[in-house]
Amino acid sequence: MRLCNGIQELLTLDNIENAESNYQTRYGTPPLKLSSWNPSLYYVNHTLLNSVLFPFQAPLIDYIYSYDLEDEQLSHVAQKLTGSALYKTIITNSGTSSISLTTSVLAAMSCKRLLVISPTYFATFYNCFQKGIQIREVYMQRVNQGYRLPRQDILSAIGDVDAVWITSPIYNTGIYLNESDIQFLREYVLPEKYLIADESFCENGLELARLFGDSPHFIGIYDPMKQFLLNGAKFSAIIIPRALQAMFCQWSDIICGSLSYSAINAIRFFVSSESEQLSRSLKNENLLIHGIVRNVLLSFPDINLDDASSGHMMMCYVPKMPADFLTDYDDILHFINMTGTSVIPGNRFHFPSRAGFSFRINVARYEPLKFEQALMRVATYFSDFAR
């Protein structure tokens, strides 16, 4: 992996954003962004603002570090993430900060080789690159509109690596590991190797920490506000083995610094009853929009979805098209001009090329009629290419 020519995942995003800007200049309105991180104004007003947010205040003057938080406050976070208040927790300002902190601790423990099971958030790769951690990458297997661990690939690599990195749910899919794969990790990874689970998009109640949190080799990364689509007021929590607590605390000073005002308030919101109310509203809304997406795509046999996706992110697949479709700027611009819509392809998230082309749908981008019509145009465009 080389950085001299820039970070490829960000260069791809630059191409998409430049093409979006070109479209807006040409037509006077932006394309509908099916893959964007931010919810639509409709979704915000219809769902998010129906709940009471942040009825709290936090001090603005003093430095506050994770280890300065009251034990009771940390216990509440651990309880909600794992089902137990006993697990050790480190707080950072964001999931990206937690990835940086975790990879720094791995490097400090002389982790030289990391097995990454993709798709994965690209920041993981560049953090490891900077810290001299070699990466061996294998890919989840897409089987029957779902995913399975690449067990043979893991077994072939496990003796040559120091730790294993996965995402749960599988990045951008809303798909969680089945019981058989969970048991595989318990039997073949956790006894000897550190297992790091990036669960930043995990819906509360489905965390692997509830199953593995008592293991001396499990590290779980959480970004609880992502499930609420509150990206400007957030915090991240890392569930860590007791033996690593001192090391994580020390390195958090170096990598993360003090906690922000919004992080302190976000913690208080997460453990409050208001977050439960918002979670129920979002789950109901997302379920309805998932149904809308499936109904639109029923007429397009060359396009498919995962069967058991949940949450606000899902992936759409066009297996007959090459995975690197919509990589070049001219192709992206043509697609946006023809459909009035933009998407972010799965190869940016390290989806396996053998699965063909894929793109992300953020169901929180929903706007009545506009969303369905845009998805129909996109499906028609890709179906024509797939034939």
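In what order do the 3 strands of the open sheet with antiparallel pairing run? In this predicted model, the order is β11-β12-β14. The two edge strands, each pairing on one side only, are β11 (304-305) and β14 (357-362). Between β11 and strand β12 (residues 313-318), the antiparallel pairing extends over 2 bridges. A handy place to look is Leu 305, which stands opposite Cys 316 in β12.

Two helices lie across this sheet. Helix α11 (residues 273-297) lies across β11, β12 and β14, and its direction is at about 10° to β12. Helix α13 (residues 370-386) lies across β12 and β14, running at about 180° to β14. His 350 counts as buried, because its relative accessibility is 15% and the cut-off for buried is under 20%.

Turning to the other sheet, 7 strands form an open arrangement with mixed pairing, in the order β2-β10-β9-β8-β7-β3-β4. Its edges are β2 (88-92) and β4 (134-139); each has a single partner strand, so one side of each is left without a neighbour in the sheet. On average, neighbouring strands here are turned by 20° against each other, direction ignored. Helix α3 (residues 71-82) packs on the sheet and touches β2, β9 and β10, with its direction at about 105° to that of β2.

Strands β7 and β8 pair in the parallel sense over 5 bridges, and Ala 163 stands opposite Tyr 194 in β8. Strand β8 (residues 194-198) is mostly covered, with 4 of its 5 residues buried. By contrast, the pairing of strand β9 (residues 218-222) with strand β10 (residues 236-240) is antiparallel, over 3 bridges. There, Tyr 222 has Ala 237 of β10 as its bridge partner.

A cis peptide bond links Ser 118 to Pro 119, with omega near 10°. Pro 119 sits in the loop between β3 (113-118) and α5 (123-130). The peptide bond between Ser 168 and Pro 169 is cis as well, with omega about 0°, and Pro 169 is found in the loop between β7 (163-167) and α7 (179-188). The loop between β7 and α7 also contains Asn 172. Although Asn 172 is not a glycine, its phi is positive, at about 70°. Asn 172 is buried, because its relative accessible area is 3%, where buried means under 20%.

Finally, there is the question of open space. By class, the lining of the largest pocket divides into 8 nonpolar, 6 polar and 6 charged residues. Helix α4 (residues 95-108) gives the most to this lining, with 3 residues.

How values were computed
Residues are numbered from 1 along each chain as its sequence is written. This is a predicted model: local features need pLDDT of at least 70, side-chain atom pairs count only at pLDDT 80 or more; totals for chains, interfaces and linings use all residues. Side-chain values use heavy atoms; hydrogens and water are left out. Ala, Val, Leu, Ile, Met, Phe, Trp, Tyr, Cys and Pro count as nonpolar, Asp, Glu, Lys and Arg as charged, and the others, Gly among them, as polar. Two strands pair if DSSP finds at least two bridges between them. Contact means heavy atoms within 4.5 Å. Axes are lines fitted to C-alpha atoms, for helices over the stretch in contact, and angles run from 0 to 180 degrees between N-to-C directions. Buried means under 20% relative accessible area, exposed over 50%, partly exposed in between (1.4 Å probe, protein chains only).
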